Amino acid sequence: MSEEKRLDRLTSILKRRGFILPSFEIYGGISGLIDYGPVGARIKRKVTDFWLDHWINQGDIVEIDSPTITPEQVLIASGHVGEFNDLMTVCMNCNSTYRADHLIANIHDEPETIEISEMNEILTNKSIICLNCHESKWSPAKPMNLMFKTSIGAMKNQRVAYMRPETAQGMFMLFPSLYRHFRQKLPFGAIQIGKGYRNEISPRQGMIRLREFNMAELEYFIDPKNPPLEDLSSNNSLINFIPDPESGFDLEYNITLEKAFAMGLVKHPTVASILLKTWEFLAEIGIDTKRIRFRQHISTEMAHYASDCWDCEIFGEYGWIECVGIANRTCHDLESHEKNSNSGSKLMKAWRSFDETLVEKRIVISPKTSVIGPIFKQESGAVIEALKELEDDDNWPKKVELDNGNTVNITRDMVEIKEIETNISGEWFTPHVIEPAFGIDRIIWHLLDHSYEELVKEGEDYTMMKFNDKVSPIDAIILPLFEKDGMDKIASEITNIANSIPGVRVEMDTSKSIGRRYARADEIGVPWTITVDHISKEDKTVTVRRRDDQFQIRASIEEILHHLNNKSIGKMFLE
RNA sequence: ACGAGUGUAGUGUAGUGGUUAUCACCGGGCGUUGCCAACGCCUGAACCCGGGUUCAAAUCCCGGCACUCGUACCA
């Protein structure tokens, strides 16, 4: 089969077998929206369940769930409203489209904050020429909003809202509650799996750029002065790194994460830990690790909130595609929400105890209220307040201005000058956040891509999906060799018992020849097929076929059910 | 967003103004002692949507939608 049509063949099998299909197809379809069919939805469920477990296992990470509809203030604070309302302009001569703020970056200090009218003035005064055709005929600038806008409530009391462009804000909103939940001790994290929305200008590439997509994000809150580091030596797999070309490192490395951290390629210890854990997740669900790499963002590419960024890219039919973004968001979000929300000054902060309590000695000017009271009467309160601002310098008496504008004379005998000691046992600070953001659809796409194999079997084209047990849509298919002589009955008994085991899903297939049924099972990636034949009736044994090499063994039904329960059917083939 | 191309059963396709719309795989049923897409019979299923030209449109024209490619955009 020709290599260049592989993508077409894969896409059509995904549609035919119920993995991935265009949404709303009977109405013509909407680009950028897809459905997971019965087979695809099983895989997605398994991938996200496994993802959840992978992080929650760590013990200091919890799952949360928050709304997709998000009020405007939240996204103003996060910076998305500003960032997503880019002004666009089109060259009327050659139709090239540009972000207007990029065009005027050289002649304006803050191009991103500019108003439409000012932008249009700059564009019409002919100083900006098109990079493509060198003319200067610009269309009026138009805001391009990449968020879906909506409103909450009806009629007069509507509040502007957007469909969330990321799940992360949900975790930030819950920071105070999470901080309490974790007994006010960092580090801790919160994860969420859910939909995100981007009104893409032109979605392309199947499930790579979607308008509604599945995200899975972790916000890991840490003390920037004491960033946690996992044991990187536990995994010595070689991993591909592409550092920022401006960083002074070579173009490419294939080294362990432990080494990458030791040599300073990955600088932040927590980022290094999360890179490793991300890589392990992808490897375990069955992504080909040779086609995984971590690429560091160059400074201009970085998101508005991030201070350091690594993309985890996976290679497939569309080339290298960003599937996970790992960003150090620092204190950007928590700080901004604290400011914008009028929440208390400590609500978005954490407490850091010092190793030793500091004793701070200060000289204070302490008012003698018994003297001040009788002299200043009603103004006494204002005088005492004003004295807090004074510094001791032995120049007495002093002229002091009160809040009400009056100036009063303070003499030495009105105050007591004393040294006081304060114990300082710690301080409030805004935690930093390390965030891995997983594009679930993109990961599933590459899982499908990497699992899809085209072979030739006895001169015929033959395709299979080589999913491992963790992600295969169903665990096994039960096949009665013939649908008679009691074999169908045995098969449906096995099916019922197996399906009653929590977490185990099997199906029975009785239609058409045995070879065709094996082929169908292979095509949706079922790793094991269990065949009931004549002998089964006599000694309660059946055959188990391994998809990847068609090798078969015979075992008792009881033993197979036991291994299905333990997800260990593969072990039956060892010896 | 612009430009070019494409759109026929579930999938892949044939069909350049008049066909009962081609073929294959596919799905369903029945039969067949039949373990890797076997065979036989029966059966199911399509011209992207809307308008126009014409006696007559899958076919020509216009608009929309979707897909592919190029350019642009892409937290």
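Four nonpolar, 3 polar and 3 charged residues make up the lining of the second largest cavity in this predicted model. That cavity has a volume of about 60 Å³. Its lining is formed by Asp469, Ser472, Asp475, Pro527, Trp528, His563, Leu564, Lys567, Ser568 and Ile569.

How many cavities of 30 Å³ or more does a search of the whole structure find? The search gives 2. Such searches have a simple basis: empty space left between atoms shows up when a probe the size of a water molecule is rolled over them.

The largest cavity holds about 70 Å³ of space. Two elements, S11 and helix H10 (269-285), each give two or more residues to the lining of this cavity. H10 supplies the largest share, with 4 residues. Sorted by class, the lining of the largest cavity counts 6 nonpolar, 3 polar and 2 charged residues.

Strand S11, which spans residues 212-222, also contains Asn214. Is Asn214 buried or exposed? Asn214 counts as buried because its relative accessible area is 7%, and the cut-off for a buried residue is under 20%. Beyond its neighbours within four places in sequence, Asn214 touches residues from several parts of the numbering. Its contacts include Tyr36 and Lys44, then Gly194 and Lys195, and finally Phe438, Gly439, Ile440 and Asp441.

Stepping back to the chain as a whole, chain A contains 18 helices and 28 strands. Of its 575 residues, 47% are buried.

Chain A has a mean pLDDT of 86, with 86% of its residues at 70 or more. Among the elements of the chain, strand S3 (residues 61-63) has the highest mean pLDDT, 97, whereas helix H13 (residues 380-387) has the lowest, 66.

Note on methods
Residues numbered from 1 in each chain as written. Chains lettered and ligands numbered in written order. Predicted model: local features only at pLDDT ≥ 70, side-chain atom pairs only at ≥ 80, totals over all residues. Heavy atoms only, no water. pLDDT = per-residue confidence, 0-100. Buried < 20%, exposed > 50% of the residue type's maximum accessible area, 1.4 Å probe, protein only. Contact = heavy atoms within 4.5 Å. 1 Å grid on protein atoms, 1.4 Å probe; cavity = no way out; pocket = protein on both sides within 12 Å on 5 of 7 lines; lining within 4 Å. Points joined across faces, edges and corners; volume = space filled by probe spheres on them. Nonpolar A, V, L, I, M, F, W, Y, C, P; charged D, E, K, R; others polar.
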